[in-house]
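User: I would like to learn how to read a protein model. Please take me through it one feature at a time.

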Amino acid sequence: MKRMMIVVAALLMASPLFAQQKTFLDQPYIEVTGRAEMEVAPDEIYVRITINEQDSKGKVTVLQQEKDMVRRLKDLGIDVEKKLVVQDMSSDLFKRKDVSTSKTYQLEGNSATQLAHVFQALQAVGISDASIERTDVSNMDELRQQVRAAAAKAAQQNAQVLASALGQKAGKALFVQDYSYSARPYANIMMAKSAVMDMAAEATAAPTLEFEKIKIEHSVMVRFVLE
């Protein structure tokens with residue numbers, strides 16, 4: 001008897017949900033996908049710089065090269081206190097000839113033009129080990145929301161076009177699914193240091209560097225009432 005009552009109660013509890021689901025399915029609707037994309041130039045460019053005494057055959061210390069580098073970067077208007085950080089450091093504690101003191105930094109730039117001048121400045125002070133690690137966009141979250149909104153509007157436009165072709169209208173949205181998102185950066189982030197530095201050495205003016213724009217893509221699926 002108790003088992004029967006439990007089953008009946010379960011059926012009674014499920015029936016409103018079933019009715020609600022049926023009501024939703026009974027409404028004529030149109031399901032469309034909206035896509036949007038945006039391309040934006042990176043404004044955060046990270047460069048890895050390594051100073052090694054071995055490069056100068058011990059003639060110039062890391063400390064002196066560091067001072068020369070900082071001076072040159074300041075001349076370019078770069079705030080080294082905020083944009084230049086030390087990543088790694090090793091020292092010749094035992095004064096062995098086969099071990100050289102070295103120091104690795106990360107420099108943050110904001111444009112390809114600025115980085116071109118940086119490479120030329122590094123070459124001028126005898127620093128040849130520099131490569132671009134990655135690029136990014138400072139307001140990525142804001143741009144992503146803009147693309148997401150554009151994708152939703154594209155879905156609405158698609159629904160209106162299809163519904164109009166059938167002599168009907170697309171009404172309010174019944175369901176929205178955030179389908180996918182991606183931000184594809186420049187494919188060849190790592191640049192060969194020899195090619196970059198050779199280019200800087202040969203150029204009378206700063207070499208020209210260009211970064212492919214980062215593409216932000218988004219798509220959504222929306223169901224609209226078909227009127």
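User: Which residues have the most contacts inside the largest nonpolar core?

Analyst: First, a caution: this is a predicted model, so local features need pLDDT of at least 70 and side-chain atom pairs count only at pLDDT 80 or more, while totals for chains, interfaces and linings use all residues. Residues are numbered from 1 along each chain as its sequence is written, and side-chain values use heavy atoms, with hydrogens and water left out.

Analyst: In soluble globular proteins, nonpolar side chains tend to be buried together. A nonpolar core is a set of buried Ala, Val, Leu, Ile, Met, Phe, Trp, Tyr and Cys residues joined through side-chain atoms within 4.5 Å; buried means under 20% relative accessible area, exposed over 50%, and partly exposed in between (1.4 Å probe, protein chains only). Here the largest core has 22 residues, and Val47, Ile49, Met69, Leu73 and Leu107 have the most contacts inside it.

User: Which element gives the most to this core?

Analyst: Elements are DSSP runs numbered from the N terminus: helices (H or I) have at least four residues and strands (E) at least two. Helix 4 gives the most, with 5 residues. Among the other elements that give two or more are strand 2 (44–52) and helix 2 (62–75).

User: Is Thr50 buried or exposed, and what does Thr50 touch?

Analyst: Thr50 lies in strand 2 and is buried, with a relative accessible area of 13%. Contact means heavy atoms within 4.5 Å. Leaving out residues up to four places away in sequence, Thr50 touches Lys103, Thr104, Ile127 and Asp129.

User: How is a polar contact read, and which side chain does Thr50 join in this way?

Analyst: A polar contact is a pair of N or O atoms within 3.5 Å; within protein, one must be able to donate a hydrogen and the other to accept it, and residues adjacent in sequence count only if both atoms are side-chain atoms. The side chains of Thr50 and Thr104 are joined by one of 3.3 Å.

User: Where is confidence lowest in the chain?

Analyst: pLDDT is the predictor's confidence in each residue, from 0 to 100. Where pLDDT is low, the predicted coordinates should not be read in detail. The lowest mean, 45, belongs to helix 1 (residues 2–26), and the highest, 94, to helix 5 (residues 140–165).
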